[in-house]
Amino acid sequence: MTEADDRSRLPIPDRPYAGDLPIDARDPSAKFPPIAPLRPPQGAPNVLVILLDDVGFAASSAFGGPCATPTAERLAGNGLKFTRFHTTALCAPTRQALLTGRNHHSAGMGALTEVATAAPGYTSVRPNTCAPLARILTLNGYSTAQFGKCHEVPVWQTSPMGPFDAWPSHGGGFEHFYGFLGGETNQYYPALYDGTTPVEPPRTPEQGYHFTEDMTDRAIGWIRQQKALMPDKPFFVYFAPGATHAPHHVPKEWADRYHGRFDDGWDALRERIFARQKELGVIPADAELTPRHPDIPAWDEMPEALRPILARQMEVYAGFLEHTDHHVGRLIDALEGLGVLDDTLVFYIVGDNGASAEGTVNGSFNEYFSLNGAAHLETPEFMAAHIDEFGTPAAYNHYAVGWAHALDTPYQWTKMVASHWGGTRNGMIVHWPERTGGGTGLRSQFHHVIDIAPTVLEAAGIPQPTHVDGVEQRPIEGVSMLDSVGDAGAPERHHTQYFEIAGNRGIYHDGWTAVTRHTIPWLWNAQPPALDDDVWELYSPDDWTQARDLAAERPDKLAALQALFLAEARRYNVLPIDDRRLERFLPEIAGRPVLIRGRSQLLFSGMGRLTENALLNVKNTTHAVTAELVIPEGGANGVIVAQGGAFGGWSLYLVDGAPRYCYNLFGLRRTKVAGSAAIPPGRHQVRMEFAYDGGGLAKGGDVRLFVDGAQVGEGRLEATQPMVFSMDETADVGRDTGSQVSDDYAAESSEFTGTIEWVQIDIGDAAEDLDHLISPEERLRVAMARS
């Protein structure tokens with residue numbers, strides 16, 4: 001391969017030998033050029049993209065925030081701070097845009113994968129006309145790896161059988177992946193993949209395990225090996241922690257560093273941040289602090305008994321962000337130790353959207369309460385009783401809306417509100433001394449996350465390809481940032497940018513913004529207004545914070561920008577704007593595929609890492625779980641099948657040889673139904689039947705246990721979880737991975753010690769019309785017929 005090879009069509013076509021091949025290798029004419037390994041153009045740098053999760057503009061100390069981020073400050077001290085860098089206001093859309101260089105709707109990710117629809121901009125399927133940056137770099141000779149979060153896989157493709165078209169280390173273009181799929185993970189019990197292979201964490205929380213540390217260890221190890229074996233080959237590493245997305249999990253000593261610092265509340269914190277931002281110059285001296293909206297309560301309006309809990313929520317979050325930045329620092333130290341830091345183009349993107357207001361106005365000890373519409377169960381008394389457990393493996397915590405708003409200072413609103421800078425403006429640091437000459441400072445040019453990919457390609461001397469894997473490519477929609485990297489006074493290149501998430505929408509054009517806030521993130525049950533009833537606001541180029549609405553004064557300018565938004569929306573597949581909420585969770589309405597169909601599902605021993613989209617939904621319905629077991633001499637123990645974890649789920653298992661069923665309601669109450677005696681050696685059938693009360697969501701029902709058709713136990717559930725058990729913990733046959741559904745066993749003792757021939761789940765009518773005991777052959781035939 002030579003520099004003259006055409007890199008616009010990838011893979012680069014192999015050149016056939018042009019001469020006549022001699023018969024004998026000893027012939028003097030049998031001279032051939034040496035095999036040239038694929039390499040990028042001379043001078044292409046290493047590239048490290050760091051993307052934190054749910055960090056608002058004002059959280060990091062590098063941008064005036066209260067959370068110590070010495071690594072961000074260190075990189076900025078020898079690099080550049082971009083103060084007008086933007087994201088999409090939501091995680092999966094931002095990540096798809098970052099990795100493709102196209103707007104999120106162009107790349108099919110107009111919303112989260114969990115609410116994908118059949119509309120072109122919302123399918124969650126990346127078009128093959130939008131090849132990811134990692135694929136382009138791999139085909140140009142880069143070593144590529146991703147560590148951490150991946151939320152770009154369509155939900156019907158997340159099972160262990162794939163397909164792997166959107167997984168990082170297959171269709172996503174990376175050669176290596178270590179991390180998790182989905183929007184969030186339990187930092188102590190992550191559901192991990194090495195490539196496409198499910199793996200378990202190397203240690204337990206009791207042994208000091210935390211995912212951010214683990215993924216950093218893996219990233220350092222990969223880079224060291226890459227430089228040891230291929231020192232002449234640059235790398236592209238995408239480092240995307242699950243932090244600081246909820247749950248806010250961090251060792252207690254990190255949270256305790258902030259003890260007492262937030263006792264005066266979020267309004268006072270906002271004022272302090274605003275003053276510090278002006279000192280640092282990350283906002284202009286004449287910038288205005290936008291007022292707090294009435295939907296966000298003032299600190300003084302919060303119940304006095306709740307305030308210590310609220311303060312602890314923020315202490316935990318601050319420790320979480322500092323802990324994350326610390327491990328980013330370990331990665332930077334490793335690059336420095338290898339002598340490659342100055343030749344590495346580092347993007348430190350401090351957040352994929354604004355700070356998250358999904359924690360409700362009171363915050364949460366276990367966010368699955370609010371995700372299931374049961375936030376009323378988390379009373380101040382309940383949270384006060386658990387205040388010392390926030391941030392620990394016993395919690396699945398999130399902070400209150402007021403803290404999110406403060407961490408988006410000086411802007412309006414928060415994550416998901418794509419109309420305003422509070423949802424879309426994030427701090428970003430570029431460190432590349434070999435290009436900047438060690439120059440430092442601020443950059444105020446307008447840029448967007450879609451500008452990262454073209455910047456990397458220009459820095460590497462690689463053209464934007466016209467064809468990848470035989471498919472003609474849609475042009476990259478971002479612009480390179482290298483001009484602004486090299487010159488603080490460089491003219492703007494990114495002139496126009498639309499924003500849209502869940503109907504919250506706006507348009508930027510040459511400094512002007514026209515925006516409308518359509519929905520509020522934490523008011524999930526509120527009916528959004530008609531799109532035509534939305535009230536638009538207008539802000540001028542000299543209004544840095546969107547503080548002075550000029551809509552009434554300049555209706556002509558507002559109308560022009562509204563028309564521009566509509567034109568951009570048509571161009572980039574934003575239409576039709578979709579503000580539906582509950583309807584989009586239903587695949588049959590949304591129009592997305594469903595992996596599991598019918599009313600019966602057959603599982604086999606060893607199956608695991610099954611997300612809720614890979615298992616029949618047993619919520620809000622009558623259902624049964626039947627297992628064919630072979631009990632050895634001496635009896636058996638362990639989990640037959642379990643779904644969920646410590647914060648919600650169910651498990652069917654044996655204790656001292658006897659069957660037992662546990663239903664875990666939010667980690668708040670574990671209801672157990674036990675069999676009367678141990679199951680003797682031999683082949684047997686264990687069955688759990690749940691008769692749902694009906695009459696709406698989250699109702700209770702009666703539980704009965706059977707062995708070989710004879711009832712051996714019964715009990716009652718007074719309530720159930722209606723929407724979700726877990727977004728990160730999965731279902732497993734023969735063990736309970738992650739955190740445990742039941743406290744009757746630990747992870748190391750959950751493995752079933754007999755033989756599981758099969759497990760069948762039946763829902764609705766299927767759970768009622770089968771005999772208690774049928775042959776495995778007949779059950780397989782029925783299951784296949786129903787599927």
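Predicted model: local features only at pLDDT ≥ 70, side-chain atom pairs only at ≥ 80, totals over all residues.
Residues are numbered from 1 along each chain as its sequence is written, and side-chain values use heavy atoms, with hydrogens and water left out. Local features need pLDDT of at least 70 and side-chain atom pairs count only at pLDDT 80 or more, while totals for chains, interfaces and linings use all residues.

Start with an open sheet. Four strands build it, in the order E15-E16-E17-E18, with antiparallel pairing. Helices (H or I, at least four residues) and strands (E, at least two) are DSSP runs, numbered from the N terminus. Two strands pair if DSSP finds at least two bridges between them. Strand E15 (496-501) and strand E18 (537-539) are the edge strands, each pairing on one side only. From one strand to the next, the twist averages 10°. Axes here are lines fitted to C-alpha atoms, for helices over the stretch in contact, and angles run from 0 to 180 degrees between N-to-C directions.

Six bridges join E15 to strand E16 (residues 504-509), and the two run antiparallel. Ile 501 has Asn 504 as its bridge partner in E16. Helix H15 (residues 555-571) packs on this sheet. H15 touches E15, E16, strand E17 (512-516) and E18, where contact means heavy atoms within 4.5 Å. The direction of H15 makes about 105° with that of E16.

Move on to strand E20 (residues 623-631). Eight of its nine residues are buried, that is, under 20% relative accessible area; exposed is over 50% and partly exposed is in between (1.4 Å probe, protein chains only). Nine bridges join E20 to strand E25 (residues 682-692), in antiparallel fashion. In E25, Arg 687 is the bridge partner of Thr 626. Eight bridges join E20 to E29, again antiparallel. There, Ala 627 stands opposite Val 759.

Next come the aromatic rings. The whole structure holds 30 aromatic pairs. Rings of Phe, Tyr and Trp (its six-membered ring) pair if their centres lie within 6.5 Å; planes under 30 degrees apart count as stacked, over 60 as edge-to-face and the rest as tilted. Trp 266 and Trp 403 are an edge-to-face pair, 5.2 Å centre to centre with 90° between the planes. Trp 266 lies in helix H6 (residues 265-280) and Trp 403 in helix H10 (residues 401-406), so the pair ties together parts 137 residues apart in sequence. Both tryptophans are buried. Tyr 653 and Tyr 745 are also edge-to-face, at 5.2 Å centre to centre and 75° between the planes. Tyr 653 sits in strand E22 (residues 648-655), and Tyr 745 in the loop between strand E28 (731-733) and strand E29 (755-763), 92 residues apart. Tyr 653 and Tyr 745 are buried. One aromatic cluster is formed by Tyr 258, Phe 262, Trp 266, Trp 299 and Trp 403.

Two arginines also meet rings. The charged end of Arg 84 sits over the ring of Trp 544, 5.9 Å from its centre. Arg 425 lies over the face of Trp 421, at 4.4 Å from the ring centre. A charge counts as over a ring if NZ of Lys or CZ of Arg is within 6 Å of the ring centre and within 35 degrees of the ring normal.

Finish with the cysteines. The whole structure has zero disulfides, a disulfide being a pair of cysteine sulfur atoms within 2.5 Å. For Cys 130, the nearest cysteine sulfur is that of Cys 150, 16 Å away. Cys 130 is buried, with a relative accessible area of 0%. Cys 662 is buried, with a relative accessible area of 0%.
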